[in-house]
There are 2 protein chains.
Amino acid sequence: MSTPHTLSFDALQQFIERSLASQGLPAADALKVSQLMAEADLQGSDGHGVIRLPQYIKRIRAGGINTNPHIRVVHERSAMAVVDGDNGMGHLVVSHAVDLAIQKASEAGVAWVSTRMSNHAGPASLYSRMPLQHNMLGLYFAVGNANHLPPWGGMDMLLSTNPISAGIPAGDEPPVVLDMATTVAAYGKVKVKAKRGEMMPPGWMIDRQGQPLLDPNKASDGFLLPIGEHKGYGLALIVGLLAGTLGGGAMGRDVVDFNADHVTVTNTGQAILVIDLAAFGDPAHFKGQVDALVRDLRSSEKLPGVERIWLPGEQSHEKRSRYAQSGIPVAPSLVQELNALAAEWGVAPLTSH
Amino acid sequence: MSTPHTLSFDALQQFIERSLASQGLPAADALKVSQLMAEADLQGSDGHGVIRLPQYIKRIRAGGINTNPHIRVVHERSAMAVVDGDNGMGHLVVSHAVDLAIQKASEAGVAWVSTRMSNHAGPASLYSRMPLQHNMLGLYFAVGNANHLPPWGGMDMLLSTNPISAGIPAGDEPPVVLDMATTVAAYGKVKVKAKRGEMMPPGWMIDRQGQPLLDPNKASDGFLLPIGEHKGYGLALIVGLLAGTLGGGAMGRDVVDFNADHVTVTNTGQAILVIDLAAFGDPAHFKGQVDALVRDLRSSEKLPGVERIWLPGEQSHEKRSRYAQSGIPVAPSLVQELNALAAEWGVAPLTSH
């Protein structure tokens, strides 16, 4: 059998599913997490998909994740809740929170649900997109799972890449889906560079002398840079306060570096805001307005040398269609690593079909 | 009488109040707007305070602002509302929206209020700060009042500086208050540079050839740059969709350039999200956590050459105290301009006491 370079969604999802089930996740949970992880790869979020499986399973085996969590609401009002994830897989905790927010928003018009005792849950846009099919929009905030960002002007890494994601429904156009770290590069992208043996461009990280750091294998000697200098620092801080501190999740010095520590409970916090378009008027009118705006932006006159103007989420949208048809590209070295682990976990290896 | 270089809050506020009243604003409205405008200068937001008075009054006199608006709720659920500002002064419309959001959040835990048919309302942080005294936090989004930002890679200015602001309560520390344009510089700062006869630093604006534009008097030949390149473009777009499109306010090609056009109704949209800390647990605990985080960040080891690490809003907080005591600095050229206009409006000039 030759090493596959592209994998079908089903092959990838089922491999993740059986791997997680082999580690004690209940069947329904293994299915749900595997669907979300494979969806991450399907949309090109390759720093947050199957590449994280070895790390998740290392943590599960070390006792750092609860495979049978009692996910429950600990604070609630009509337009908000705090969900305690009982240290379960983040994908399960956040899905639970988003479902609850959608349900509450359908009554209250708007709802905010925070998580605590959650874990890394993959790319933010998985969750901001969930309200779309309900004619709702989503705004998602998360505390990153390792601090690589100091305050602006400082060197103590007290902040993470704390992402913001928004999913806004359109009509005939793809939805507008923003998913951005508040740093120039997400740490997942640094890990992908290391895995590929590539250097980072200047501007992603600096070292303790304030000089550009280019070698992703030396990432632990430096820190990420925020977008817009002090502005990105401020955004990362606010996102962390909203996603972490507000709901009782870890923030600042309490954030556990889950790349280095596979045992300590991370107490990850996330937050989702869901807005029901129907509360604001006719959703079809809103979506028509988004379509018109998207088309205006896309057909803008271009700067010299620019081939195409993209909307946020449009490249992921294209990848979803393309990869669904022709397969999801996965680095051969990652497939080899996963298949070596599969043998260890006692599950069937990845195959291309 | 020598030209004053610093003014007391009261002198500034009363000058604005009598100027607005002279243009037909009801006494209570002139008072409220003047307090918020003077507060902008008090906290150092000098691009959004009294410097805007001539423009506001030009628009009022041209019939572009309704001095007797019927501000009303047009859509409502328990955790949301849309406020139609009837083309009144933005300060009045947004204050109304924030008051309503605070009231709703005290029940529902979280509330979102959008405005439409509003106008320029000054610095975003005026509004994100309002919930603080209620043990609530605020997130504010606005559509800027002139498009100076093209989509990333484009030249058609379809987006504005669309700011984000957050006000997060602390305990003994000053609140964490972020107020940032999604562009490297807000257009108000460009106007201040022009007024002061200073050049802009590279990175604020580019021209239609993609080259740095440094002369603020040539600002109309170029466009602002977003923070973090495509990320800031995405943020500006999302903020515009949330603050404008969602509530029925202008966005994209419908945004009126209120620097150039003093008559056309702007249909400005803003949005405030208010979160009641008490719904999430003990507000005192939250505020203690914020204090601890603020102190950790402030006492971080510093990069070579850095004197002090600032928290978002800390410099404005210091200015509030300093200017309240020793006066608000106002450029002599601006005082001269205002006093020439005061004669035209038939009101007493600015004095230093």
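This is a predicted model: local features need pLDDT of at least 70, side-chain atom pairs count only at pLDDT 80 or more; totals for chains, interfaces and linings use all residues.

**How the labels were reached**

Modeller: Across the interface, 60 residues of chain A are in contact with 60 residues of chain B. Elements of chain A that each supply at least two residues to that side include β2 (72-77), β4 (110-116), α7 (230-243) and α8 (283-298). By class, the side of chain A that touches chain B has 35 nonpolar, 18 polar and seven charged residues.

Colleague: What makes the relation between chain A and chain B that of a two-fold axis?

Modeller: A rotation of 180 degrees superposes chain A on chain B, with 0.0 Å of shift along the axis and an RMSD of 0.0 Å. Therefore the relation is that of a two-fold axis. In chain A, A:Gly228 has the C-alpha nearest the axis, 2.8 Å from it. Both copies use the same surface, as 100% of the contact residues of chain A recur in chain B.

Colleague: And why does B:Asn267 count as buried?

Modeller: The cut-off is 20 or more other C-beta atoms within 10 Å. B:Asn267 has 22, so B:Asn267 counts as buried. B:Asn267 is in the loop between α7 (230-243) and β10 (270-276) of chain B, and among the residues B:Asn267 touches are B:Arg116 and B:Gly249.

Colleague: Which residues touch the most other members of the largest nonpolar core?

Modeller: A:Val110, A:Ala111, B:Val110 and B:Ala111, out of 228 residues in that core. B:Val110 touches residues of both chains, including A:Val110, A:Trp112, B:Ala79 and B:Ile275.

Conventions. Residues are numbered from 1 along each chain as its sequence is written. Chains are lettered from A and ligands numbered from 1 in the order in which they are written. Two residues are in contact if their C-beta atoms, placed from the backbone, lie within 7 Å. Helices (H or I, at least four residues) and strands (E, at least two) are DSSP runs, numbered from the N terminus. Ala, Val, Leu, Ile, Met, Phe, Trp, Tyr, Cys and Pro count as nonpolar, Asp, Glu, Lys and Arg as charged, and the others, Gly among them, as polar. A residue is buried if 20 or more other C-beta atoms lie within 10 Å of its own, exposed if 12 or fewer, and partly exposed in between; C-beta atoms are placed from the backbone. A nonpolar core is a set of buried Ala, Val, Leu, Ile, Met, Phe, Trp, Tyr and Cys residues joined through C-beta atoms within 7 Å. Copies are superposed by least squares on the C-alpha atoms of residues with pLDDT of at least 70 in both. Lists of a residue's contacts leave out its neighbours within four places in sequence.
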